[in-house]
Amino acid sequence: MITKRIQRISTFSSKGKKDLDKPLLVPLFVSRIYPEKGMLELVAKREDIPPPPEKNAPKRISAGSLTAGMEVTGRVTKVVAFGAFIDVNANRGGLLHIQTIADTLGTYVDGVAGMKELCGLEVGAQVNVSVLRNERKRLAFDFTKDVKDAMEEEREEEARLDAEEEARLAFGVEDDAVNTGYEIGEDEAAAWAEFGAIGGDGGDGSE
């Protein structure tokens, strides 16, 4: 960690830009070093420091070589309210925006917690993505078709199970009868209801 005296700092609010007059001592962390440029990259939080590269890791590619439609495998490096940042072993990461995630899932995604709960997006998670856009040094990702298909199948299965549960509750049928996959018609549902009303013994319910 280093401590840097900031001579001038600007803040932004709904009222516009405002310069703070007094110098501030701000603790910063070195996240990257670029010896060839004589530059340091600094971050305000220790958790924002990227992990060191793995030994014998493949050389990073140029982000400019990634074009729309290319499919790559990446790792989630950071999750924020508006999406997940993905490292695809390029010299610049990209963003899987929360709106893109919501469009894929067909449902509202409740920020960081929602991304983790609905599709497992958390720091360190591996994800297959495709390049949505690569413009003005900004990489935008989407899920690959395989991932989307898997999510669709999972949603259909959940919908089927929900429908079976609703049928069981509506008709008073035990789980085993519903799980056979047999569709219950209106006449049969009425018969089941009558059967339950008379005690299930085929009689009139009398002693």
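Predicted model: local features only at pLDDT ≥ 70, side-chain atom pairs only at ≥ 80, totals over all residues.
Colleague: Thanks! Which side chain meets Asp142 in a salt bridge?

Modeller: That is Lys148, with 2.8 Å from N to O. A salt bridge here is a side-chain nitrogen of Lys or Arg within 4 Å of a carboxyl oxygen of Asp or Glu. Lys148 is partly exposed, with a relative accessible area of 31%.

Colleague: How many salt bridges does the count come to?

Modeller: Eight salt bridges by that rule. One of them joins Lys145 and Asp149, whose closest N and O atoms are 2.9 Å apart.

Colleague: How many residues apart are Lys145 and Asp149 in helix 3?

Modeller: Four, so about one helical turn separates Lys145 from Asp149. Helices (H or I, at least four residues) and strands (E, at least two) are DSSP runs, numbered from the N terminus. Lys145 is exposed at 57% relative accessible area, whereas Asp149 is partly exposed at 33%.

Colleague: And what does Glu157 form with Arg160?

Modeller: A salt bridge, with the closest N and O atoms 2.7 Å apart. Glu157 and Arg160 both lie in helix 3, three residues apart, which is about one turn of the helix.

Colleague: New topic. Which residues gather in a patch of negative charge on the surface?

Modeller: Glu154, Glu158, Asp162 and Glu166 do. Asp162 belongs to helix 3, which covers residues 145–171. Patches are made of residues with over 30% relative accessible area and no salt bridge, joining like charges within 9 Å and nonpolar side chains (Val, Leu, Ile, Met, Phe, Trp, Tyr) within 5 Å. Asp and Glu count as negative, Lys and Arg as positive, and His and the chain ends are not counted. The place of a charge is NZ of Lys, CZ of Arg, CG of Asp or CD of Glu.

Colleague: Which residues make the nonpolar surface patch?

Modeller: Val30, Ile33, Leu40 and Leu42 make a nonpolar surface patch of about 340 Å². Areas like that come from the Shrake-Rupley method with a 1.4 Å probe; for residues, only the protein chains shown count as cover. Strand 4 (24–34) and strand 5 (39–43) each supply at least two residues of the patch. Leu42 lies in strand 5 and is partly exposed, at 36% relative accessible area.

Colleague: Last one, aromatics. Which residues form an aromatic pair?

Modeller: The structure holds one aromatic pair. Phe82 and Phe85 form that pair, edge-to-face, at 6.1 Å centre to centre and 85° between the planes. Rings of Phe, Tyr and Trp (its six-membered ring) pair if their centres lie within 6.5 Å; planes under 30 degrees apart count as stacked, over 60 as edge-to-face and the rest as tilted. Phe82 is partly exposed at 41% relative accessible area, and Phe85 is also partly exposed, at 29%.

Terms used. Residues numbered from 1 in each chain as written. Heavy atoms only, no water. Buried < 20%, exposed > 50% of the residue type's maximum accessible area, 1.4 Å probe, protein only.
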